[in-house]
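Please look over the sequence and the structure below. The report that follows walks through them section by section.

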Amino acid sequence: MFTHVPNYPQIEKIETGITGFDLISSGGLPKGRTTLVSGTAGSAKTVFAVQFLAEGIKRSGDAGIFVTFEESPADIRRNVKSLGWDLEVWEAEGKWLFVDASPDPGQDQVEAGRYDLGALLARIEYAVAKIGATRLSMDSLGAVFAQFRDAALVRSELFRISAILRQLKVTSLMTSERTQEYGEIARFGVEEFVADNVVILRNVLEDEKRRRTMEILKYRGTSHQKGEFPFTIVSGRGVLAIPLSAMELKQKSSNVRITSGNKELDAMCGGGFFRDSIILVSGATGTGKTLITTEFLKGGADKGERCLLFAFEESREQLFRNADGWGSNFEELEESGLLKVVCAYPESASLEDHLIEMKDIIEHFKPNRIAVDSFSALERVATPKGFREFVISLTSFIKHQEVAGLFTATTPSLMGGTSVTESHISTLTDSIILLRYVEMNGSMRRCLTVLKMRGSLHDKDILEFNIDGGGMHLGEPFRHVTGILAGNPRETPYGIPAI
Amino acid sequence: MNKTNTVVAADEKPHAEWVLRLYIAGQTPKSLAAISNLHRICEEHLAGRYDVEVIDLLERPQLAEGDKIIAVPTLVRKLPAPLRKIIGDLSDTEKALVGLQLKPLLG
């Protein structure tokens with residue numbers, strides 16, 4: 001990515017504190033301006049509006065006004081408690097003030113003559129002055145239109161309010177409804193008066209899976225990242241955006257080698273894996289992917305490195321028993337604190353939630369090497385697009401930690417073939433190891449080859465290997481067989497080199 | 001009975017059957033129209049039985065919070081219960097009377 005530094009004055013922005021959004025928006029919301037946040041029902045508009053104020057209080061003590069037209073303050077206080085925001089505390093500290101414009105249930109309202117929204121404006125001005133607010137959220141505009149008959153009047157009054165907020169130098173956010181995920185920006189034409197900045201929140205059903213994204217549609221006079229970015233809502237933290245293309249390829253790469261946990265494999269790779277590289281191990285079920293993972297972790301722990309395993313296919317008991325069978329005692333390693341094994345069902349959460357949790361665990365445990373077995377198990381819970389974003393986001397995150405990451409991918413067919421995971425991830429990986437079955441003379445044999453090793457020479461042989469109580473043992477190359485990787489092994493007569 | 005443009009607290013007149021509160025924002029033409037329209041309606045329909053408090057939100061914005069006032073002018077019928085709100089300068093007498101339930105809504 002190229003960074004271009006313009007030399008004309010930029011519109012100042014204030015960081016919202018909403019993880020990921022500040023990156024997507026190149027610095028936050030335009031200061032002193034009004035931004036429209038538009039979305040369908042259930043697209044997390046209110047959470048976004050509350051979080052904008054909450055982060056302002058938490059990060060810099062900025063006081064904020066919350067104008068509610070829909071839910072009562074009591075409902076909002078209760079609803080956001082699980083997200084980790086105790087509004088009552090902030091209200092007592094004079095950092096948070098509600099302007100309650102929510103309708104009372106069952107109360108009639110008759111219109112008899114000309115009116116304007118001067119009372120709302122007076123209340124907002126009073127509230128801003130009272131606590132010295134610099135941030136304001138208004139939720140939601142659709143509910144204002146529902147309270148009054150004259151939509152044109154409401155529009156022009158909202159325009160007047162946003163102009164006054166600008167004079168008061170209050171950075172504000174207004175939410176509004178849309179009826180379709182891909183259609184007009186907002187109902188009642190509200191985007192026309194706050195058209196400077198528009199953020200769209202989406203909650204799309206794709207292949208029976210919910211996918212939340214945010215997109216900055218307009219940011220007049222200032223830069224931002226384009227396109228839709230996935231986000232999720234995490235209890236205790238609120239909205240978390242996953243900025244994908246906003247990430248920069250800044251990771252360092254080192255020439256330090258680390259062991260794969262297997263001397264023969266190290267030799268094939270020209271002396272081991274690179275310390276901050278991503279290694280993909282691909283093969284059909286039962287070819288030895290979990291074994292390579294086990295040796296990778298054991299090899300690291302033996303050198304005193306901290307190792308982290310995310311397992312999505314097998315339970316702890318299975319993993320520990322398997323490791324035992326190959327001469328690695330995971331129990332002891334966990335007790336020593338060098339190994340951490342995290343097992344989860346792919347279906348237990350959405351991919352975005354898995355990603356956030358994995359990042360949290362990585363940040364907390366601070367491992368030197370990370371293994372994911374298997375990556376392809378996670379394909380089940382996402383759309384191809386969502387999965388690709390997940391892969392890119394996780395690999396880039398791991399690379400930024402400057403640790404080694406080893407992922408496994410299961411190929412769907414026993415003989416040869418590639419997996420979806422592979423096609424998504426192969427260009428992001430530094431090394432690819434293929435494991436394959438070879439059917440020869442009425443028996444199934446296993447072979448291994450190092451397909452790619454970025455920045456290093458490696459052995460190009462296809463080696464047969466055996467598995468016993470001591471782990472994996474690489475043997476002789478299949479010199480007289482061709483077509484292994486294509487899934488169609490054929491013996492060639494001795495003396496004729498197989499090319 | 002009471003002049004509509006003077007502020008009289010409701011509790012000074014404990015026997016008034018009708019307690020009304022009119023919210024305005026400054027002495028705008030709409031505010032003045034609302035005050036005079038309300039005075040006329042009250043004298044015609046509620047003479048001797050009402051109490052009106054006028055609140056200017058430019059002077060006392062904090063008072064809008066309790067009745068959750070957004071639009072001005074807004075007339076709030078505090079008594080008799082239940083509470084009702086009539087928005088606008090009351091130039092539409094028919095609607096104002098319907099809002100105050102001084103006249104049934106005609107089909």
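## A loop residue in chain A

Lys169(A) sits in the loop between α7 (151–167) and β8 (171–177) of chain A. Helices (H or I, at least four residues) and strands (E, at least two) are DSSP runs, numbered from the N terminus. Lys169(A) is not a glycine, yet its phi is positive, at about 60°.

## How to read the model

This is a predicted model: local features need pLDDT of at least 70, side-chain atom pairs count only at pLDDT 80 or more, and totals for chains, interfaces and linings use all residues. Residues are numbered from 1 along each chain as its sequence is written, chains are lettered from A and ligands numbered from 1 in the order in which they are written, and side-chain values use heavy atoms, with hydrogens and water left out.

## The sheet of chain A

Chain A holds an open sheet of 9 strands. The order is β5-β4-β7-β8-β3-β9-β10-β11-β12, and the pairing is mixed. Two strands pair if DSSP finds at least two bridges between them. Strands of a sheet pair through backbone hydrogen bonds, either parallel or antiparallel. Which strands stand at the edges? They are β5 (96–100) and β12 (238–241) of chain A, and each pairs on one side only. Neighbouring strands are turned by 25° against each other on average, direction ignored.

Take two pairs from this sheet. Strand β3 (residues 34–39) of chain A runs parallel to strand β9 (residues 197–206) of chain A, with 5 bridges between them. There, Val37(A) has Val199(A) as its bridge partner. Strand β11 (residues 228–234) of chain A is antiparallel to β12(A), over 4 bridges. Thr232(A) has Leu240(A) in β12(A) as its bridge partner. The hairpin of β11(A) and β12(A) has 3 residues between the strands, and Gly236(A) takes a positive phi near 90° in it.

## Helices on the sheet

Helix α3 (residues 73–81) of chain A lies across β4 (64–68) and β5 of chain A. It runs at about 135° to β5(A). Axes are lines fitted to C-alpha atoms, for helices over the stretch in contact, and angles run from 0 to 180 degrees between N-to-C directions. Helix α5 (residues 118–131) of chain A lies across β4, β5 and β7 (135–139) of chain A, at about 170° to β5(A).

Arg78(A) pairs with Asp75(A), and the closest N and O atoms are 2.6 Å apart. Over all chains, the whole structure has 27 salt bridges.

A second open sheet has 5 strands, in the order β6(A)-β4(B)-β3(B)-β1(B)-β2(B), with mixed pairing. β6 of chain A and β2 (50–56) of chain B stand at the edges with a single partner strand each, so one side of each is left without a neighbour in the sheet. The twist averages 20° from one strand to the next.

Strand β6 (residues 109–111) of chain A pairs with β4(B) in the parallel sense, over 3 bridges. In this pair, Glu111(A) has Ile87(B) as its bridge partner. Strand β3 (residues 74–79) of chain B runs antiparallel to β4(B), joined by 4 bridges. Arg77(B) stands opposite Arg84(B) in β4(B).

## Where the chains meet

Contact means heavy atoms within 4.5 Å. By that rule, 25 residues of chain B are in contact with 27 residues of chain A. The area buried between the chains is about 2,400 Å², and carbon and sulfur atoms give 56% of it. Buried area is the accessible area (1.4 Å probe) that two parts lose on being put together, summed over both. In chain B, Lys68(B), Ile70(B) and Ile87(B) lose the most area to chain A, together 33% of what that side buries.

The interface has 5 salt bridges. Asp89(B) forms a salt bridge with Arg114(A), with the closest N and O atoms 3.1 Å apart.

## Two cis peptide bonds

Asp139(A) and Ser140(A) are joined by a cis peptide bond, with omega about -10°. Leu79(B) and Pro80(B) are also joined by a cis peptide bond, with omega about -5°. Pro80(B) is in the loop between β3 and β4 of chain B.

Methods:
A salt bridge is a side-chain nitrogen of Lys or Arg within 4 Å of a carboxyl oxygen of Asp or Glu.
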